[in-house]
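I'm going through the model and jotting down what I look up as I go.

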Amino acid sequence: MTHQHFSPYDVIIIGGGATGAGIARDCSLRGLSVLVVERSDIATGATGRNHGLLHSGARYAVTDRESAVECIQENNILKNIASHCVEKTEGLFLSLPEDDLSYQSKFVQSCRDAGISAEIIDPGEALLMEPAANKEIIGAVKVPDGSIDPFRLTLSNSIDAQTHGGKLLTYHEVTDLIINQHTVIGVKAYDFKTKETKYLYANIVVNAAGIWGQHISTYADIKINMFPAKGSLLIFGHRINRFVLNRCRKPADADILVPGDTICLIGTTSIHVPYNEIDNMYVTPDEVDKLIHEGEKLSPILAHTRILRAYAGVRPLVAADDDPTGRNISRGIVLLDHQKRDGLSGYITITGGKLMTYRLMAEMATDLICKKLNIDAICVTATTKLPGSNEKTKEVSTKMYTVPASIRESAIYRHGEMAQDIPNATSISNSLVCECEEVSAGEVHYAKENLNVNNLTDLRRRTRVGMGTCQGALCACRAVGLINQLKKEKNSAQSKEDLSQFLNERWKGIYPISWGDSLRESEYTSWVYESVCGLNSPENTQAI
Amino acid sequence: MEAASISHNNFEQCIKCTICTVYCPVLKVNPAFPGPKHGGPDHERLRLKNPEFYDEALKYCLNCKRCEVACPSNVKIGDIIQSARIKHQKKPGKIRDFLLAHTDFMGTMATSFAPLINPVLGLGISKAALDGVLSIDRHRAFPKYTGQKFETWMKKQAETQSRYPEQVSYFHGCYVNYNNPQLGKDLVKIFNALGIGVQMLKNEKCCGVPLISNGYIGKAQKNGKSNLKAIRESVMDKNIPIVASSSSCTFTLRDEYPHLLDIDNTEVREHIEYATRYIYRLFSNPDRIKKLKFTDRKLNVVYHVPCHMKKMGWEIYTIELLKLIPNIKLTTFDSNCCGIAGTYGFKKENYKASQEIGKPLFDMIERSGADYVVSDCETCKWQIDMSTSQTCHHPLSFLAQILTN
């Protein structure tokens, strides 16, 4: 055990999701010293397991006006500050013959009341705009939806926090809160890499652990009732739609189809799961059937498009604070000042909310932190652009004209102006590691050296290595080799372990949809890695 | 649900086995070309995301379709690349590409002045001018233009030919019409020997292969529709099958029409035949074979399989037909693209790659010591004639030469 006797941080944030990274950025821009403690990698919880939908708020306009207003405000902010994480695709709310068209007028009115532009489009024109939409539609409304990449967003917030002095510890699990006389003064964290427990101290500890926050609070005997709701999604092999497609009806299962990067995805289902199962999410055959069945109503072509994988996340819904039954669910942002609520100072919880409102949640939490620390600093995150979103992509592209087109455009799409820092001077650095997603050796190098990459899965979140159609068949071994080369202490046994874990994690997502071409492809992958390379052979497994 | 949820998108059937990459002749000599897998199925996803991902380097594709022959997943890789070029490539603008693409226009102009054009095109100074002004490589020998078009000759034969009870419609193509009417005459000679009369299609147009590869899709479609109309008239109304002597024309009429030009030829496709296949299949009737009398000279012949023959899988018919010749020693070369790929090799920027791709073939020919080099494709012939000490013969011309009846 190591006791850290350095001067304490102003703030320790538990959780490296969008909210945690957002708070770290906000705090560090306001001059506070921050440390983020994350038990896995950034954006591994609910942040990385959703639609990646840049809500306009239209989906909530009828049922939840407050959320709708928050969404459209944050939507406009994110389009400006996080332009490299956002694609302004716009969205269509489609009415099918089985839907009640009178809902459309109610929907449009509610959108306008919330400040969301909603334009009724003639169905014929809508089909010209979006050829993938169901030809049977009887109505369409255009709203300012879009798509957002949660990995990039979290990474960019984390980069900015680090640029302003913030620290990030990934693969550190908080195992206890350190409490002294009704005040939380720090956390105990277990370092998975060194297998040490560290004592880390701060004036304020923020619980931004999402669904896992319920467990964190038990260390202080504080009860927060989370209401875990599993949501499953399917990822398709390529983009079939240009617009985000929604059903114009009361929100239900599997009625959003979002185009994101090279793929598109349909979701979600919603099933309440027991709290003790939140670390073990799997997608059932019934959910897969439901997603395809409902999805093809939005876009019939979806039923004949290759599915790459299925995944599930847990929504961090919070039971209303004064309702011990846990039945009264709030979808809004919940900020708990535990000094007021439970008489425990130095500790706050921020939870609920959505990916869309991560910045607002961070602002609210940081405002409270500043108030507690008696610091008078205003929030600038609504207007200060994130790293990567500072230059126009066209200009960056012109500056990088020597790089082959597809590699260049993909790198800029992922990293914005930071793409210029990717090594590209030699044919080696421009050679491809991941052919489906155009990840060059230079980009792997850049990510390993600059973006807190510890393993192949971390690399995937930062570059899309292994997220394309082959799901790692060709790129995994190349990437793991490069990562090992760049390590100070080379360790091929560890790389083989890393490779196995990565491929198994890919298989977990393929398994629920393993038929047709996706199954053929996985057969090919296992043939390459197991039969030809002997990844699971006795000598290799012994080395691990 | 699962059984129904199978992709209809051909490019999604790619499982990234990368076998096509090994068979791509361009990739071996030009590292700037992304290769069939990468430029095809991989980039297709990116192009669907945003057309700006289109890579201009796809212009280096020969459209040889060897990737499609190699693919174990039946992905139409070559078609994916050609379709992307059609959709996204910068519009053609060069006079050179126009001239190379419009073989019928060029042919009509040149045959009128053939005695003048042929020596002029052969002059060093003309070649330098073509090279400098039009970027047509100076090393290229232009095929000679004929003074009398094949069509003109055929019109005079119409009556004789109509006397045969059995008929075929001959799609002669631009090469036979403007450059090598002798090949057409050879075809007529052989078919006549078999007791079959040869007639022309009504108003044959260029099949479109050079138009497609140079980006003139509108014109190619227009030609295609006109040709299909004539073909339908022959096949459907008169019950007369179509026979062509150019492997690339045959391939275009059969496969590129539906795949790239959106022209539905389902009803007539099976009646569009390549000459050697048509003849060989007649021989299921043994009496037919007896009608052809060949020389009994000893012949040492090598056969080069053109890419589009390979794609159709029809080289076997030419090979088997040649094997019927007594005292022939026939060697079929390991399949290797000659590198010219129609008008591709004429372009200055492609000349070097074109010759590097063809080199293994040229070496095989030189080492063979053969009396005759035979190949089905006219542009393979230009390439072999220019790049080796040998002259390449069309199988029909070769047969006509050794026919004794």
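**Chain A, the loop with Thr268.** I started with A:Thr268, which is in the loop between strand E17 (263-267) and strand E18 (271-272) of chain A. Worth a flag: the peptide bond joining A:Gly267 and A:Thr268 is cis, with omega at about -15°. I keep in mind that this is a predicted model.

**Chain A, Asp261.** Next I went to A:Asp261, in the loop between strand E16 (256-260) and E17 of chain A.

**Chain A, Tyr171.** Another non-glycine with a positive phi turned up in A:Tyr171, where the angle is near 55°. I located A:Tyr171 in the loop between strand E10 (167-169) and strand E11 (172-179) of chain A. Buried or exposed, I wondered about A:Tyr171? It has a relative accessible area of 15%, so A:Tyr171 goes down as buried.

**Chain A, helix H6.** I then checked helix H6 (residues 150-163) of chain A for length. Its 14 residues should span 20 Å at 1.5 Å a residue, and I find the end C-alpha atoms 20 Å apart, so the two agree. How many of the residues in H6(A) are buried? I noted 12 of the 14, so the helix is mostly covered.

**Chain B, overall.** Moving on to the other chain, I counted 23 helices and 8 strands in chain B. For its 405 residues, a compact globule would have a radius of gyration near 22 Å; chain B has 21 Å, which agrees, so I'm happy to call that a match. Along the principal axes, I get a box of roughly 65 × 60 × 40 Å for the C-alpha atoms of chain B. Buried residues make up 59% of the 405. I also looked at contacts in chain B with a separation of 6 or more: 76% of them are between residues 24 or more positions apart.

**Chain B, His172.** I zoomed in on B:His172, in the loop between strand E1 (166-171) and helix H11 (173-179) of chain B. At 3% relative accessibility, B:His172 counts as buried. Which residues does B:His172 touch, leaving out those up to four places away in sequence? I wrote down B:Phe150, B:Glu151, B:Asn177, B:Met200, B:Glu204 and B:Ser245.

**Chain B, helix H12.** Last stop was helix H12 (residues 181-193) of chain B, with 13 residues. From first C-alpha to last I get 18 Å, close to the 18 Å expected at 1.5 Å a residue. Buried positions in H12(B) include B:Pro181, B:Leu183, B:Asp186, B:Ile190 and B:Phe191. After H12(B) comes B:Gly195, with a positive phi near 85°.

How values were computed
Residues are numbered from 1 along each chain as its sequence is written. Chains are lettered from A and ligands numbered from 1 in the order in which they are written. This is a predicted model: local features need pLDDT of at least 70, side-chain atom pairs count only at pLDDT 80 or more; totals for chains, interfaces and linings use all residues. Side-chain values use heavy atoms; hydrogens and water are left out. Helices (H or I, at least four residues) and strands (E, at least two) are DSSP runs, numbered from the N terminus. The radius of gyration is taken over C-alpha atoms; the globule rule is 2.2 Å times the number of residues to the power 0.38. Buried means under 20% relative accessible area, exposed over 50%, partly exposed in between (1.4 Å probe, protein chains only). Contact means heavy atoms within 4.5 Å. The expected span of a helix is 1.5 Å times one less than its number of residues.
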